[in-house]
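Have the structure open as you read.

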Amino acid sequence: MALNNTYGARLPQQETMVGAGVQLLLLVLLGTVIGMGPAGWLSGLAFGIATWAVLTRALRRTRPRSFGPANRVTLGRAILVGGVTALVADSFQSSPPVSLLVGLTAVALILDGVDGKVARRTGTSSALGARFDMEVDAFLILVLSVYVAMSLGPWVLLIGTMRYVFVAAARVLPWLNAALPPSMARKTVAALQGVVLLVAGAGILPYGVTTAAVALALGSLIWSFGRDIVWLRRHGARPAVERAAQAERQPRRLVGATATGPAAATGPAAAQRLVAPTTRTAA
């Protein structure tokens with residue numbers, strides 16, 4: 001039995017190694033086609049190594065029985081994001097073929113709507129899958145914002161960095177870790193970011209129209225984050241303070257009682273505040 005468990009635990013890790021190999025193959029193909037420079041190679045390899053290392057560590061900690069079909073789709077998206085990362089990094093030295101950049105990005109965005117459906121239909125939804133999906137989406141938005149910022153200005157970077165700033169703030173303000181309720185508006189705004197940045201990067205619209213579209217996307221993202229922060233402030237911070245005050249008023253024999261209520265079922269902010277269009281745990 002122990003041997004079977006060990007063998008089963010190794011299978012998901014073997015799939016991540018295959019993914020790392022495919023990532024390297026994609027970089028070789030890109031390097032052959034466009035003559036990618038050192039910046040592109042280093043960025044692509046760094047992304048691939050970091051993805052493999054973080055995912056392998058998570059698999060060792062959670063020990064799933066299998067990697068799962070939805071995670072395979074997400075891994076495929078991560079490989080595409082690695083290619084986009086390499087192309088964007090290489091663009092600081094020479095402009096990559098826009099059609100190639102747009103093609104890889106478009107497929108990655110389309111597949112974002114696939115892995116969640118696969119997870120739900122196969123009954124393989126998991127916290128690991130949701131987190132993996134979210135991190136891939138967030139990093140793609142960050143990379144795209146870097147690329148578009150080179151033509152529109154550094155203000156575009158706010159789109160890609162806002163989620164990471166939120167996560168950093170949650171370490172200082174624990175009430176930001178409270179679980180958010182499902183929201184179609186949040187999903188719509190998140191999906192808008194990738195589409196708008198893709199169109200902006202493609203350069204198919206006039207400069208003024210592109211600037212206005214990206215500014216609109218940024219404004220909607222600020223509104224979405226702001227609305228969620230206000231909700232968390234009301235339902236995440238205040239109940240905690242009230243429970244603390246109530247505990248002080250309770251008889252000493254009740255101090256050890258288990259807390260119940262909205263804040264008793266909180267999850268990590270990184271799995272709740274999404275920049276990605278969809279997650280596997282979303283209803």
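## Starting at Leu24

Leu24 has a relative accessibility of 43%, so it counts as partly exposed. You'll find Leu24 in helix α1. Keep in mind that this is a predicted model.

## The overall picture

Zoom out and you'll see helices: there are 9 of them, and 0 strands. Of the 283 residues, 43% count as buried. The protein exposes about 14800 Å², and carbon and sulfur atoms supply 67% of that area.

## A closer look at α2

Helix α2 covers residues 38–62, which is 25 residues. Just after α2, Arg63 takes a positive phi of about 50°.

Which residues of α2 are buried? The list is Gly40, Gly44, Phe47, Gly48, Thr51, Leu55, Thr56, Ala58 and Leu59. As background, an α-helix has 3.6 residues a turn, so residues three or four places apart point the same way.

## The nonpolar core

The largest nonpolar core has 51 residues, and those with the most contacts inside it are Val84, Val156, Ile159 and Val214. At least two residues of this core come from each of α1, α2, α3 (69–90), α4 (98–122), α5, α6 (157–172), α7 (184–202) and α8 (207–249). Helix α5 gives the most, with 11 residues. Setting aside residues up to four places away in sequence, Val156 touches Ser145, Val148, Ala149, Leu197 and Val214.

Thr105 lies in helix α4 and counts as buried because its relative accessibility is 1%. Beyond its neighbours within four places in sequence, Thr105 is in contact with Val84, Leu140, Leu144 and Leu198. Met134 sits in helix α5 (residues 127–152) and is buried as well, with a relative accessible area of 1%. The C-alpha atoms of Met134 and Thr74 are separated by 9.6 Å, although these residues are 60 apart along the chain.

## Salt bridges

There are 8 salt bridges in the structure. One of them brings together the side chains of Arg72 and Glu15, at 2.8 Å from N to O. This pair links distant parts of the chain, with Arg72 in helix α3 and Glu15 in helix α1, 57 residues apart. Arg72 is partly exposed because its relative accessibility is 42%, and Glu15, at 23%, counts as partly exposed too.

Arg77 tells another story. Its side chain meets Asp112 in a salt bridge at 3.5 Å, N to O; Asp112 is in helix α4 and Arg77 in helix α3, 35 residues apart. Both Asp112 and Arg77 are buried. Arg77 also forms a salt bridge with Asp115, where the closest N and O atoms are 2.9 Å apart. Asp115 is in helix α4 too, 38 residues from Arg77, and Asp115 is buried, as is Arg77. Through shared partners, salt bridges join Arg77, Asp112, Asp115, Asp133 and Asp137 into one network.

Methods. Residues are numbered from 1 along each chain as its sequence is written. This is a predicted model: local features need pLDDT of at least 70, side-chain atom pairs count only at pLDDT 80 or more; totals for chains, interfaces and linings use all residues. Side-chain values use heavy atoms; hydrogens and water are left out. Helices (H or I, at least four residues) and strands (E, at least two) are DSSP runs, numbered from the N terminus. The expected span of a helix is 1.5 Å times one less than its number of residues. Buried means under 20% relative accessible area, exposed over 50%, partly exposed in between (1.4 Å probe, protein chains only). A nonpolar core is a set of buried Ala, Val, Leu, Ile, Met, Phe, Trp, Tyr and Cys residues joined through side-chain atoms within 4.5 Å. Contact means heavy atoms within 4.5 Å. Accessible areas come from the Shrake-Rupley method with a 1.4 Å probe; for residues, only the protein chains shown count as cover. A salt bridge is a side-chain nitrogen of Lys or Arg within 4 Å of a carboxyl oxygen of Asp or Glu.
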